[in-house]
Structures are given as C-alpha cells and as structure tokens.
Amino acid sequence: MKVTIFGTGYVGLVTAGCLAHKNHEVLCYDTDNDRIKKLDNGLVPIFEPGLDNIIAEGIGSGKLLFTSSPQEALRSLDIIILCVGTPDKGSGETSLIAIESCAKTISDISSQSVPVLIKSTVPVGTSVKIQYLINKGLKERKLDIKIPVASNPEFLHEGVAISEFYNPDRIILGTKDQEVIKATIKLYEGLMPESQEILVMSPESSELTKYASNSFLATKISYMNQLSQFCSLVGANIDDVRKGMGPDPDIAPGYLYAGCGFGGSCLPKDINSLIYQAGEKGRDLSILKAVREVNENQKKYLFSIAASLFSNEFKDKKVAIWGLSFKPETDDMRGAPSLTIIKKLLDSGAKVECYDPVVSQDREKFNIQNESLRLGTDPYEVVRDADCLIICTEWNEFKNINYKKLGSLMNRKTILDGRNILFPKEAALNNFEYFDIGRTSINQR
Ligand code: UDX
C-alpha cells in the first residue's frame with residue numbers, strides 16, 4: 001500500500017520504518033524541514049533500539065521517503081496515518097493544534113478519496129471532530145471525495161517499540177466504515193496471528209481504550225509504590241510481594257515494579273488528560289487523582305531519604321546521579337523522575353553530577369542549566385568525591401556495579417537505588433549504606 005505518515009516523532013518513525021520493512025511504500029511528512037532533510041540523509045533524531053537500521057533499510061530499498069511538501073505527501077496514496085504530537089497544555093487539556101492542522105492540510109490539498117487513521121493519543125470525540133473539519137473543508141472546495149477518519153491508537157513501549165510493532169497484543173480500530181476496516185486489515189496483514197482479529201469498535205471507545213489502558217498501568221505502579229513505603233516500615237519486601245501477586249492471572253505480572261516513580265510521554269500525560277476530560281463532563285476521576293498524587297510523592301522519596309541522611313544540610317554535599325531517561329533503552333527525558341530529584345537537590349544547594357549511557361552523549365536532550373550541575377560521560381568519574389549515589393534508571397550497565405572502584409572514589413559510601421537493581425546484601429558486604437524502594441526494612445537502616 002502507499003502510506004503517508006504525518007509526524008516524524010517516536011511513533012511516526014517507528015510506524016514508518018516497520019511498515020516500509022513490511023514492503024509498504026511509505027512517505028513521511030513533517031512540517032519541520034530540517035528534520036526531514038536530516039532523515040533524508042539517514043540521520044535519525046531519536047534513540048530507539050533498531051530504529052536506525054530499519055530507517056536505513058527503508059531508505060536503501062526506496063520504500064521509505066521523506067518530504068516537507070504537503071502536496072507531495074498527499075499525491076496518490078492508499079492510507080494516511082496521523083502520528084503528530086498531542087501535548088498537555090499544562091492544565092491536563094490536550095492540545096489538538098497539530099492534529100487540526102493535519103485535518104486542514106488534508107482537506108485543503110487532497111484530491112482523492114483516502115482513509116485517515118489517527119494514531120496519536122487524542123481525547124474522546126477527536127476522530128468525530130476531525131471528520132467534521134475535513135468534511136467541511138471538502139465541501140468548501142466542492143469536492144465529491146470521501147476521506148473517512150478512524151481511531152487506531154498505538155500501544156508501543158519505548159525501547160521495544162519495533163519488536164512490539166511486529167507482534168502487537170492487539171490492534172484496535174474505531175470506525176463503522178467498511179472501507180476503512182478493509183484498508184486497515186490490509187495495512188497490518190501478517191502482523192497478528194490468524195486466530196486474532198482487529199478489534200473494531202466506535203471511535204469513542206477506541207480513543208478511550210488507550211487512556212483506560214495507560215491509566216490502569218499507572219494505577220498498578222502507584223499502588224505498588226505506595227505499598228513499598230509501607231513494606232519498609234513493617235519488614236516486608238515489595239519484590240517478594242510482587243512475585244507473590246504476579247502469578248494470579250487476574251492480576252498479571254507486569255507493571256508491579258516499585259520504583260522512584262513513573263515518567264515518560266504517555267502515562268503522566270494520559271492520566272492528566274483523562275482526569276481533565278472527565279472533569280469537563282462533571283465527573284471526578286478521584287482514583288486517577290490519587291494515582292497522580294502518589295507518583296508525585298514517589299518522585300520525591302529518594303530525595304527525602306537523602307535529606308534525612310544529611311540532616312537537610314546539602315550545602316557541601318555532592319550527589320551523583322546514574323540514569324536520566326525515564327526508563328532504560330531510550331533517550332526520552334519527558335516526565336523523567338530524575339528531573340524531579342535533580343531539581344530538589346539543586347534547590348537545596350547540593351552539587352549534582354549525572355551520567356546516563358545515552359543522554360550523556362547528547363547534551364541537547366538535557367537542557368537544565370545550573371552552575372552546580374554537571375553532565376559526565378563516565379559513570380565512575382561522576383561519583384568522585386560524592387556523598388551519595390542515586391540510581392534513577394535501571395540501565396543494564398549499572399547492574400554490574402564495581403563496588404571496589406566506587407568505594408575508592410566516593411566521599412561517603414551511600415547508594416540510593418531507585419530501581420531496586422542492586423542486592424542489599426552485596427552492598428552491605430562492600431561496606432556501603434544502601435537504601436532502596438521497599439525491600440530494605442527501615443529498622444535495618
Ligand atoms: C507507555 C504505555 O505502557 C504504552 O502502552 C503506551 O502505548 C505508551 O506509554 P512507555 O511510555 O514507553 O509506554 O513507558 P512504560 O514502559 O509504560 O513505562 C512508563 C514508566 O513507568 C517508566 O518511568 C517506568 O520506569 C515506570 N514503570 C513501569 C514502573 O515504575 N514500574 C513498572 O512496573 C513498569
């Protein structure tokens with residue numbers, strides 16, 4: 001199929017590369033001319049494992065092209081997929097500027113019938129609204145063509161997005177239009193086992209499914225995070241509790257890992273948006289408000305441990321941070337708990353030195369300017385003379401910690417493990433003070 005993708009962010013580029021790999025002819029359109037030029041030269045602006053390779057493969061085979069010309073983007077095609085950003089306006093309300101501008105481009109320029117799939121995460125009712133805008137534009141141009149709009153949310157996790165695209169656990173389509181259903185089945189042919197069908201529902205249900213899923217995952221995490229603090233007080237181990245809960249198929253093992261808070265571009269934003277959407281209809285999603293509050297507290301938990309260790313006196317203290325991205329295998333800093341921790345440390349007068357396997361290589365991703373803050377490129381170099389090491393992201397390289405080297409460099413041998421990746425006994429054997437999220441009892445500390 002000839003596919004045009006609007007938007008070259010995390011979702012747009014993964015979708016484009018994977019569809020080109022599946023032999024579709026894919027054209028990526030973005031209004032950012034510089035970005036398109038770079039992509040055209042094979043320069044991928046984001047880090048996602050395997051993405052460089054499939055983009056290079058697509059460019060090499062001629063199946064993947066890039067353009068910043070809307071006329072070219074809408075010339076002769078079988079399907080359009082919208083993957084543009086839908087950021088939070090700050091109040092929880094979702095900005096639809098980019099999506100609405102896509103609708104305008106499509107209705108101003110298209111001259112043929114073609115279905116549109118909205119893959120961006122959009123509030124309930126957006127597909128219907130975009131359909132209305134497109135129909136209105138076509139009517140003004142007195143064009144008798146059909147551009148049906150459907151909802152087709154993505155459920156990709158950053159870091160493993162490519163393998164998940166090829167093996168989705170479900171494909172959801174919100175439409176009643178038979179032509180769109182046929183086109184979508186053709187688009188994703190061979191991705192799902194034959195026994196499984198695309199789940200077709202109303203656009204509203206499809207849009208809500210995305211928010212409901214992400215909010216539910218966030219709820220699981222906040223539940224475990226809140227329990228983890230209780231565990232520390234009563235001598236229970238949150239990791240054992242997780243292992244004991246997970247085998248129950250009604251619970252399922254995923255998203256039960258306690259940590260220093262959830263981040264990313266999806267969970268925090270989607271909770272805020274759903275709370276806002278419900279509020280607009282006079283409904284109080286109090287469960288999600290609690291999930292959000294627990295997460296905000298959890299992001300400050302490690303700082304509060306550090307504050308009690310240093311009796312709230314950070315003036316002459318240096319803290320090293322390992323891991324900046326919101327989770328491993330990505331360079332994405334959006335909503336990262338590390339940002340909350342770093343801000344609190346700097347506000348308290350501490351010196352902070354950070355290291356991240358990917359973010360350290362690209363200063364642009366880390367745009368906090370502060371004279372007490374340094375970004376290093378070697379994990380052991382940033383701990384020199386530090387009074388405390390805080391682990392914010394569970395990158396694999398941190399799991400093979402060299403305690404001897406670390407101990408010889410640090411001023412005070414203290415580790416706050418925000419992702420429970422080290423072994424408390426090993427830390428103790430190496431004479432480190434060690435604190436984690438709900439595995440070590442507060443009495444043992
Ligand atoms: C998420 C959704 O899960 C995915 O379905 C959706 O389509 C996009 O948003 P992603 O943003 O890539 O994916 O991140 P995810 O893997 O869900 O992790 C989000 C945050 O939760 C991270 O900060 C992670 O560290 C944290 N997390 C995750 C936990 O703290 N505990 C867990 O058990 C799982």
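Buried means under 20% relative accessible area, exposed over 50%, and partly exposed in between. The views below show a predicted model.

View 1. Cys-28 counts as buried because its relative accessibility is 0%. The closest cysteine sulfur to that of Cys-28 belongs to Cys-83, at 8.5 Å, which is too far for a bond.

View 2. With a relative accessible area of 24%, Cys-266 is partly exposed. The sulfur of Cys-266 also has its closest cysteine sulfur in Cys-83, 12 Å away and too far for a bond. A disulfide is a covalent bond between the sulfur atoms of two cysteines. The structure holds zero disulfides.

**View 3. The shell around the ligand.** The ligand is surrounded by 19 residues, of which Glu-158, Tyr-255, Tyr-257, Cys-266 and Lys-327 are the closest. By class, the shell comprises 11 nonpolar, three polar and five charged residues. Helix α9, spanning residues 203-234, supplies the largest share of this shell, with four residues.

**View 4. Polar atoms facing the ligand.** A backbone N or O atom of Glu-158 is found 2.7 Å from a ligand oxygen atom. At Tyr-257, a polar backbone atom lies 2.9 Å from a nitrogen atom of the ligand. Arg-419 contributes a polar side-chain atom, 3.4 Å from an oxygen atom of the ligand. On its own the ligand has 660 Å² of accessible area, and the protein covers 93% of it.

Methods. Residues numbered from 1 in each chain as written. Predicted model: local features only at pLDDT ≥ 70, side-chain atom pairs only at ≥ 80, totals over all residues. Heavy atoms only, no water. Disulfide = S-S within 2.5 Å. Buried < 20%, exposed > 50% of the residue type's maximum accessible area, 1.4 Å probe, protein only. Near = heavy atom within 4 Å. Polar contact = N/O pair within 3.5 Å; in protein donor to acceptor, adjacent residues only side chain to side chain. Areas by Shrake-Rupley, 256 points an atom, 1.4 Å probe, with all protein chains shown as cover. Helix = DSSP H or I, 4+ residues; strand = E, 2+ residues; numbered from the N terminus. Nonpolar A, V, L, I, M, F, W, Y, C, P; charged D, E, K, R; others polar.
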